[in-house]
Amino acid sequence: MSSSSALSARGSRLALLVVALCWLAVLFDGLDMFIYGSVLPHMLEEKALGITSGQAGDLGSYATFGMLVGALTAGTVADRIGRKKLMVSCVTLFSLASGICAVSNGVAVFGLGRTLAGVGLGGLLPTAISMVSDYAPRTRAALTIGLLMTAHHAGGILSAYVALWIVEPLGWRAAFWVCVVPLLFVPVLARFLPESLSFLVARGRSEEAAALAGRYDVEVPAVKDRTGGAPWANLLNLFRGGEWVQTLLYWLASFGGLLLVYGVATWLPTLMRSEGYELGSALTFVVLFNLGGIVGMLVAGRASDRFGAPRISAIWFALTAAGVFLLSVHMPLTLTFVVVFLTGVFLNSAQTMIYATVSIGSAPANRATAVGWTSGMGRFGAVFGPWLGGQLLAADQGDRGFTAFALAGTASMVFIGIAALRASRTAQRDGDPRRLVATG
């Protein structure tokens, strides 16, 4: 084996290590995120903590509000202190916050726990995406991000089984105690996850980068962009020149996408029960929805590497809108299972390919900020989605919830479609290699 081949092989092993550790962290993120929606039918049935349907929607929004705060701050913080430290902090925070939910004696304390968990959850995802983007092969960047995001939906599947196997015999509090278990993973993450080489070079920490590269026998990346100066310099870079139009289009697309994702994730079991399905069937919908998400991430990632992430995202959002609208029609159970699975295939990966577009097209020194703020602005939609579902359900208008979520998907299709056209023209005109990769 030639020296260059050996170097490539060792680099691949390092990339595998980073993706594996980030995958586990995002698995726990998904478990913590989806557990509330999975146990919510049980909590409403037994009137746990005196929660009503309207309050349930508010509580779902507390977590997504925390995620908004976490995402908006995490990108800038990660580009200042490093991806690794922030990931360790986020896993610690949402694990401890789940403990607060488990011991809560009222809606206020429970809401505090969900809000704090949301801060950790919101900070972890864009940071993990930035981390794996740093180590992903250039021609497989979108696929690598899609692979990472399969963990989020594996966590969703795990949450449904936690609800099925643990909540019935032990109660809803036991489900949140399960979400404290990721604390045991924190020392592993702190010990084995390497810092981003691109981040170290961009921050001028060349000696640390060289030491890390020597430890794993990989090359130190050449990063021309260096961060420094004012803490908000990276954010301002998103608006320089003509970048502000593209930035706003990504933010708007992310708003509609996350309204749809978290509205459906929070309310799918409860809305399906309102359509006359049993609790067991409703939780099966959660499993199928997230299995679809796993398949969709891999398919969308591969397709995006070939045809461009924003193009695939726009097509996926159109198919998502159709699927979500069909869920408002009472169909035979088997057909409903198929529609839920296909909706999961397109919905979850449509939003992820927005992140892939932003991550691939960003300079390494600015990547966490760009992804974090795209995710963070989208969290306004994530806050609104669970609240909207709760209000419609409380007004006995569950069918309109599916229609509202379908309209959000249509809007995101329009915004990311326009962004794709603009980015493609800009890439061809300027010959920007990052944008050429991002747009296909």
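Good morning, colleagues. The structure before you is a predicted model, and I shall therefore begin with its confidence scores. The protein chain has an average pLDDT of 79, and 84% of the residues reach at least 70. Two stretches call for caution. Over residues 1-10, pLDDT stays under 50, and the model has 7 contacts there beyond four places in sequence. Over residues 433-440, pLDDT also stays under 50, with 30 such contacts in the model. Where pLDDT is low, the predicted coordinates should not be read in detail.

I turn now to helix α15, which runs over residues 367-394. From the first C-alpha to the last, its 28 residues reach 41 Å, close to the 40 Å expected at 1.5 Å a residue. Where does α15 bend? The bend is at G378, and its angle is about 25 degrees. Helix α15 is also mostly covered, with 22 of its 28 residues buried.

My next subject is G57, a residue of helix α2, which spans residues 53-81. Is G57 buried or exposed? Its relative accessible area is 1%, under the 20% cut-off, and G57 therefore counts as buried. Leaving aside residues up to four places away in sequence, G57 touches W267, P386, W387 and G390. Of these partners, P386, W387 and G390 fall within the residue range of α15.

Let me continue with the aromatic rings. The structure holds 8 aromatic pairs. One of them joins W172 and F176 in an edge-to-face arrangement, with 6.0 Å centre to centre and 85 degrees between the planes. Both residues belong to helix α6, residues 172-178, where they sit 4 residues apart, about one turn of the helix.

R191 lies over the face of F192, at 5.0 Å from the ring centre.

Thank you for your attention.

Notes: Residues are numbered from 1 along each chain as its sequence is written. This is a predicted model: local features need pLDDT of at least 70, side-chain atom pairs count only at pLDDT 80 or more; totals for chains, interfaces and linings use all residues. Side-chain values use heavy atoms; hydrogens and water are left out. Helices (H or I, at least four residues) and strands (E, at least two) are DSSP runs, numbered from the N terminus. The expected span of a helix is 1.5 Å times one less than its number of residues. The bend at a residue is the angle between axes fitted to the seven residues ending there and the seven starting there. Buried means under 20% relative accessible area, exposed over 50%, partly exposed in between (1.4 Å probe, protein chains only). pLDDT is the predictor's confidence in each residue, from 0 to 100. Contact means heavy atoms within 4.5 Å. Rings of Phe, Tyr and Trp (its six-membered ring) pair if their centres lie within 6.5 Å; planes under 30 degrees apart count as stacked, over 60 as edge-to-face and the rest as tilted. A charge sits over a ring if NZ of Lys or CZ of Arg is within 6 Å of the ring centre and within 35 degrees of the ring normal.
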